[in-house]
Amino acid sequence: MIIDEVKVYFKAGCGGEGSFSSMKYSARRVIGGGGDGGGGADVILKVSPHLSDLIKFNERRKFVAEDGEKGKEYNKKGRHGQTLFVYVPKGTQIVDLSGNLIVDLNEDNQEYLICKGGAGGKGNFKKLYSLPAQSGEEKEVILYYCIPNDVAIAGFANNGKTSLFNKLTGKSYAVADYPFTTRACVWAPVELEFRKFTIMDTPPVKKNTKNIHQENSFLKHLFRSKIILLVSDSPDSFKEEYAALKKEISSFDKLLLRGKKIFYLLNKVDKIDRNTLNLKDVMPVSTIDDAGIEKLKKKIIKYLAKWLRAEK
C-alpha cells in the first residue's frame with residue numbers, strides 16, 4: 001500500500017542572539033562592540049524524482065531547522081543556520097489543518113518555503129543597545145500525495161482492469177479470476193507515437209459502502225487524471241455499471257469527474273457476440289485477442305495532444 005496522507009510538523013530556526021560587549025573609542029574608530037546574530041534556517045519543501053509516496057514520513061514527522069549562531073564580541077557576526085530541505089514526491093499537496101490548500105507541488109524540482117527562519121538579533125556595535133533575535137515560523141500541516149497521472153482506469157471488481165493496464169503499458173502486474181487482486185494504485189510511464197504519458201490502474205471501486213472515504217480512499221488519485229477509462233465486462237448491464245461507477249466517484253468527491261474526458265470500455269468482448277449489443281459511445285476491447293486496443297491507444301493520444309494544445 002502506498003502512503004498518501006501524513007500530518008507533519010515543521011519549524012524554522014530561531015535567529016541567534018546579538019552580542020552585547022563593551023566598546024572602546026579612539027580618534028579614528030570604535031574598538032569592540034557586539035556583532036549581530038545569524039539568521040535562523042528556513043525550511044523548504046522540494047520535489048524529488050526519487051520518491052513515489054510519503055512512506056519516509058512514517059519514521060519522521062517532525063522537522064526542526066538549525067538556529068542561527070550567537071553574535072560575538074568585536075563585531076563578529078554569528079553564522080546563519082543551514083537551510084533545511086525536506087523532499088516530497090511530485091504530486092504532493094500541502095494543506096493546513098482546516099483543509100485549505102497551501103501549495104500544490106506538481107512540477108519537477110519545484111520548491112516552496114514552508115517556514116521562514118527568524119532574523120538574528122542585533123549586537124551593540126556602534127550603538128548603546130542590542131535588539132533581540134526573532135523566532136522561526138512553525139506549522140503543522142497535512143501532506144496529501146495525489147499520483148501524477150494522465151489516464152486512470154476505474155471499475156468494479158474482477159472486470160479485467162489490470163489486464164488492460166498491462167496491455168497498455170507493457171507491464172506484467174498480477175491478474176486473477178477473483179475479485180480485489182489489485183489492492184493499491186499502480187502506475188507506469190508509456191510512450192506512444194513519440195508522446196510520453198502516465199497510466200494508472202486503481203483498486204476495484206466498492207459499491208454502496210457505508211464509509212466511502214475509507215473504503216474508496218484511492219479515488220482521490222483521480223484528481224490529476226485527464227482521461228478516465230470506466231471499465232465494465234457485463235454485456236447485459238454495462239450502461240448501469242457506468243452510471244453506478246460515476247455515482248460512486250461523485251459521492252467521494254463531486255469535483256473528480258469535472259473537466260475529465262471519460263472513455264466507456266466494454267472489456268472481454270472476445271467472449272460475447274458484439275453484433276447483438278448497442279455499443280454507441282462504448283468502446284469494445286479485449287486483452288485476449290487485442291480487439292480495440294490499438295483504437296483505444298490512438299484515441300488516448302489524440303485527446304492528450306488536444307489537451308496539451310489547449311493548455312498552452
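**Entry 1, the model.** I noted that this is a predicted model, in which local features need pLDDT of at least 70 and side-chain atom pairs count only at pLDDT 80 or more, while totals for chains, interfaces and linings use all residues. Residues are numbered from 1 along each chain as its sequence is written, and side-chain values use heavy atoms, with hydrogens and water left out.

**Entry 2, the sheet.** I looked up an open sheet of three strands, whose order is β6-β4-β9 and whose pairing is mixed. Strands (E, at least two residues) and helices (H or I, at least four) are DSSP runs numbered from the N terminus, and two strands pair if DSSP finds at least two bridges between them. The edge strands, β6 (84–89) and β9 (111–115), each pair on one side only. I then followed β4 (residues 43–48), which pairs with β9 in the antiparallel sense over four bridges, whereas six bridges join β4 to β6 and these two run parallel. I found K46 opposite Y87 in β6 and also opposite E111 in β9, while I44 has L113 as its bridge partner in β9. Five of the six residues of β4 are buried, where buried means under 20% relative accessible area, exposed over 50% and partly exposed in between, with a 1.4 Å probe and protein chains only.

Which residues of α3 are buried? I listed F238, E241, Y242, L245, E248, I249 and F252. Seen down the axis of α3, these buried residues fall within an arc of 130 degrees, so they line one face of the helix; the arc is that of the directions from the helix axis to the C-beta atoms. I reminded myself that an α-helix has 3.6 residues a turn, so residues three or four places apart point the same way. The face of α3 turned away from the buried side carries the exposed residues E240 and K247. The buried residues of α3 pack against β11 (151–155), α2 (212–215), β14 (227–232) and β15 (261–266), with contact meaning heavy atoms within 4.5 Å.

I turned to L131, which lies in the loop between β9 and β10 (138–145). L131 counts as partly exposed because its relative accessibility is 42%. Not counting residues up to four places away in sequence, L131 touches G121 and K122. The C-alpha atoms of L131 and D4, 127 residues apart along the chain, are separated by 44 Å.
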